[in-house]
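Visitor: I would like to learn how to read the features of a structure like this one. Please show it to me and take me through it.

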Amino acid sequence: LHGPDPLRPEVRHEPGLDGVRGIAVALVVVHHIVVRVEEPAISGGWLGVDLFFVLSGFLITASMLANPDLGDFLRRRFWRIVPAMVVFLAAYVVWSVGASDAQQRLEWAFAALTQWANIQGAIGPPFSEHIGHLWSLSAEVQFYVVWGACLWWLLRRGVSRPVILAVPVALFLLSWAERVLLLRSGSIWNRLYLGPDTRAAGLLVGCVLFVAAVYWSG
């Protein structure tokens, strides 16, 4: 986290974070293993999603602070995600040809391709049993764009470290408060769990952790 400019830290690869990512993914995968009567193999596997989001927020913020070039940041994310996703979704569409719900499957595939799957799942048709897991990728990509642009703008204005820290803290509190209000108003689970506004809290925790680490180490 050290560098000549405290707002432009030198970020190195940390193998330990790969281990955290592996644990998060393993929790989700094991949770979804079908055992006997469709019961999850372990309970609480959804915590893996939260852990993965926190780590993503941490790494996104590290990448942007180390190299605040928004165009380069988004370009690298595009080439990291899109080619594999296009191949996967093309195979899914071919597999779905002739299915009784082919139209619905095409809508799901289009939502995933356009990084809209989380919003579609939150307010639209039933959650896809085949590619519904892509909602989390849509949530991350949306966050890449919004938080990346926000950080880029803050850095361009030359704001201080306390301000950069205060922004994700404030956004986290708003996201958390909105989730509580929606829960009390009786919103259904997919609105709370898949909505980009309510799920941003985990990603924002990661942002706060990295900015705080840079702040206190500098």
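**Reading the model**

Guide: Start with one residue. At 3% relative accessibility, S96 counts as buried. Buried means under 20% relative accessible area, exposed over 50%, and partly exposed in between (1.4 Å probe, protein chains only).

Visitor: What kind of model is this, and what do the values rest on?

Guide: This is a predicted model: local features need pLDDT of at least 70, side-chain atom pairs count only at pLDDT 80 or more, and totals for chains, interfaces and linings use all residues. Residues are numbered from 1 along each chain as its sequence is written, and side-chain values use heavy atoms, with hydrogens and water left out.

Visitor: Where does S96 sit, and which residues does S96 contact beyond its sequence neighbours?

Guide: S96 is in helix 3. Helices (H or I, at least four residues) and strands (E, at least two) are DSSP runs, numbered from the N terminus. Contact means heavy atoms within 4.5 Å. Setting aside neighbours within four places in sequence, S96 is in contact with A102 and R105.

Visitor: How many helices and strands does the chain have?

Guide: Nine helices and zero strands. Buried residues make up 37% of the 218 residues in the protein chain. Now take the contacts with a separation of 6 or more: residues 24 or more positions apart account for 62% of them.

Visitor: How do I describe two packed helices?

Guide: Use the angle between their axes and the distance between the axes. Axes are lines fitted to C-alpha atoms, for helices over the stretch in contact, and angles run from 0 to 180 degrees between N-to-C directions. Angles under 35 degrees count as roughly parallel, over 145 as roughly antiparallel, 65 to 115 as roughly perpendicular and the rest as oblique.

Visitor: At what angle do helix 3 and helix 4 cross?

Guide: Helix 3 and helix 4 (residues 102-113) cross at roughly 175°, and their axes come within 10 Å. That makes the two roughly antiparallel. Helix 3 contributes M85, V86, L89, Y92, V93, W95 and S96 to the contact, and helix 4 contributes residues including A102, R105 and W108.

Visitor: How do helix 3 and helix 6 pack?

Guide: Their angle is about 170°, with the axes 10 Å apart. Helix 3 and helix 6 are therefore roughly antiparallel to each other. Among the contact residues are R77 and M85 of helix 3, and Y144 and W152 of helix 6.

Visitor: What does R77 do with the ring of Y144?

Guide: A charge sits over a ring if NZ of Lys or CZ of Arg is within 6 Å of the ring centre and within 35 degrees of the ring normal. R77 lies over the face of Y144, at 5.5 Å from the ring centre. Likewise, the charged end of R199 sits over the ring of Y193, 4.2 Å from its centre.

Visitor: How many aromatic pairs are there?

Guide: First the rule. Rings of Phe, Tyr and Trp (its six-membered ring) pair if their centres lie within 6.5 Å; planes under 30 degrees apart count as stacked, over 60 as edge-to-face and the rest as tilted. The count comes to eight aromatic pairs. One of them is F58 with F210, edge-to-face, at 5.1 Å centre to centre and 85° between the planes. F58 lies in helix 2 (residues 47-66) and F210 in helix 9 (residues 196-217), so the pair ties together parts that are 152 residues apart in sequence.

Visitor: Which residues touch the most other members of the largest nonpolar core?

Guide: A nonpolar core is a set of buried Ala, Val, Leu, Ile, Met, Phe, Trp, Tyr and Cys residues joined through side-chain atoms within 4.5 Å. The largest has 33 residues, and W135, F143 and I164 touch the most other members. Another core lies apart, with nine residues, among them M85 and W108.

Visitor: What backbone feature marks Q115?

Guide: Q115 has a positive phi of about 60° although it is not a glycine. Q115 is in the loop between helix 4 and helix 5 (117-123), and counts as buried at 12% relative accessibility.
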